[in-house]
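Good morning, everyone. Please look at the screen, and I will walk you through one protein.

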Amino acid sequence: MVTLALSNTDVRENISQPQVLTLASFLSCNCIGAELKANSKSEILAELTRILVADNPALDHAGVLRKLEAREELSSTGLEHGVAIPHGKWPGLKQVVACFGRSKEGLDFAALDGHPTHLVFLLMAPQDSTSEHLRALARIARLMKDDELRQNLLDADDAEELFQLLTEADAAL
């Protein structure tokens with residue numbers, strides 16, 4: 001705890017408490033795939049990696065894809081309710097970055113509930129990041145618990161509407 005005295009007024013700043021990590025701080029509208037074409041887990045990882053790398057030149061497509069595939073070999077990042085959050089870490093990355101894709105048809109992502117996956121967040125974090133990486137994963141997981149939001153994402157018309165739905169829901173957390 002740091003206390004600064006300014007003319008009889010104490011201003012307290014807790015420097016150990018992390019800032020709130022918002023979805024908009026690591027996801028941009030440029031990184032939304034409204035109509036994913038992939039038919040398999042490996043294809044969706046490749047398609048989302050292309051989207052992410054196009055907006056984040058510090059990343060290498062082949063390298064990121066290898067890291068994501070290695071992570072999926074450990075255990076699937078397919079969750080429940082049609083959601084997956086493949087993730088990994090990348091050296092030299094300055095902050096968490098993400099992209100989001102939607103597959104209206106759904107695909108087999110080896111999800112925990114065995115159902116098709118429709119909504120996929122791909123997340124990459126700095127190599128030495130632990131708390132920021134986990135906070136981003138937790139933020140996404142918390143958002144995706146909302147049944148109405150998931151349905152609205154499936155019904156959205158385009159990337160702009162998807163981004164708006166996600167950021168508005170995130171701001172309401």
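First, some ground rules. This is a predicted model: local features need pLDDT of at least 70, side-chain atom pairs count only at pLDDT 80 or more, and totals for chains, interfaces and linings use all residues. Residues are numbered from 1 along each chain as its sequence is written, and side-chain values use heavy atoms, with hydrogens and water left out.

Now the layout. The protein has five helices and seven strands. Both kinds are DSSP runs, numbered from the N terminus: helices are H or I with at least four residues, strands are E with at least two. Along the sequence, the pattern reads β-β-β-α-α-β-β-β-β-α-α-α.

How much of the protein counts as buried? Of its 173 residues, 46% do. Here, buried means under 20% relative accessible area, exposed means over 50%, and partly exposed is in between, with a 1.4 Å probe and protein chains only.

Next, salt bridges. Side chains of opposite charge can pair when their charged atoms come close. We call the pair a salt bridge when a side-chain nitrogen of Lys or Arg is within 4 Å of a carboxyl oxygen of Asp or Glu. How many does the structure hold? It holds five. I will show you some of them.

Start with Arg102 and Glu35. Their side chains meet in a salt bridge at 2.7 Å, N to O. This pair links distant parts of the chain, 67 residues apart. Arg102 is in strand S6, residues 97–107. Glu35 is in the loop between strand S3 (27–33) and helix H1 (41–55). Is Arg102 buried or exposed? Arg102 counts as buried, because its relative accessibility is 0%. Glu35 has 38%, so Glu35 counts as partly exposed.

Glu35 has another partner. Its side chain also meets that of Lys104 in a salt bridge, 4.0 Å from N to O. Lys104 lies in strand S6 and Glu35 in the loop between S3 and H1, so this pair ties together parts that are 69 residues apart in sequence. Lys104 has 42% relative accessibility, so Lys104 counts as partly exposed.

Now Glu72 and Lys41. Their side chains meet in a salt bridge at 2.9 Å, N to O. Again, distant parts of the chain are linked: Glu72 is in helix H2 (residues 61–74), Lys41 is in helix H1, and they are 31 residues apart. Both ends count as buried: Glu72 has 10% relative accessibility, and Lys41 has 18%. Which residues do shared partners join into one network? Glu35, Arg102 and Lys104.

Asp155, Asp157, Asp158 and Glu160 gather in a patch of negative charge on the surface. Patches use residues with over 30% relative accessible area and no salt bridge; like charges are joined within 9 Å, and nonpolar side chains (Val, Leu, Ile, Met, Phe, Trp, Tyr) within 5 Å. Take Asp157. Where does Asp157 lie? In the loop between helix H4 (147–155) and helix H5 (159–171). Asp157 counts as exposed, because its relative accessibility is 65%.

Helix H4 also holds Arg150. Arg150 is buried, since its relative accessible area is 9%. Its side chain reaches the backbone oxygen of His81 at 3.4 Å. That is a polar contact: N or O atoms within 3.5 Å, where one must be able to donate a hydrogen and the other to accept it, and where residues adjacent in sequence count only if both atoms are side-chain atoms.

Stay with His81. His81 lies in the loop between H2 and strand S4 (83–84). Its phi is near 60°, a positive value in a residue other than glycine. Most residues other than glycine have a negative phi. His81 has 49% relative accessibility, so His81 counts as partly exposed.

Ala110 also has a positive phi, about 55°, and is not a glycine. Find Ala110 in the loop between S6 and strand S7 (117–126). With 42% relative accessible area, Ala110 is partly exposed.

Last stop: strand S6 again, for Cys99. Cys99 is buried, because its relative accessible area is 0%. Cys99 and Leu48 are 51 residues apart in sequence, and their C-alpha atoms are 6.8 Å apart in space.

Conventions. Accessible areas come from the Shrake-Rupley method with a 1.4 Å probe; for residues, only the protein chains shown count as cover. Lys and Arg count as positive and Asp and Glu as negative; His and the chain ends are not counted. The place of a charge is taken as NZ of Lys, CZ of Arg, CG of Asp or CD of Glu.
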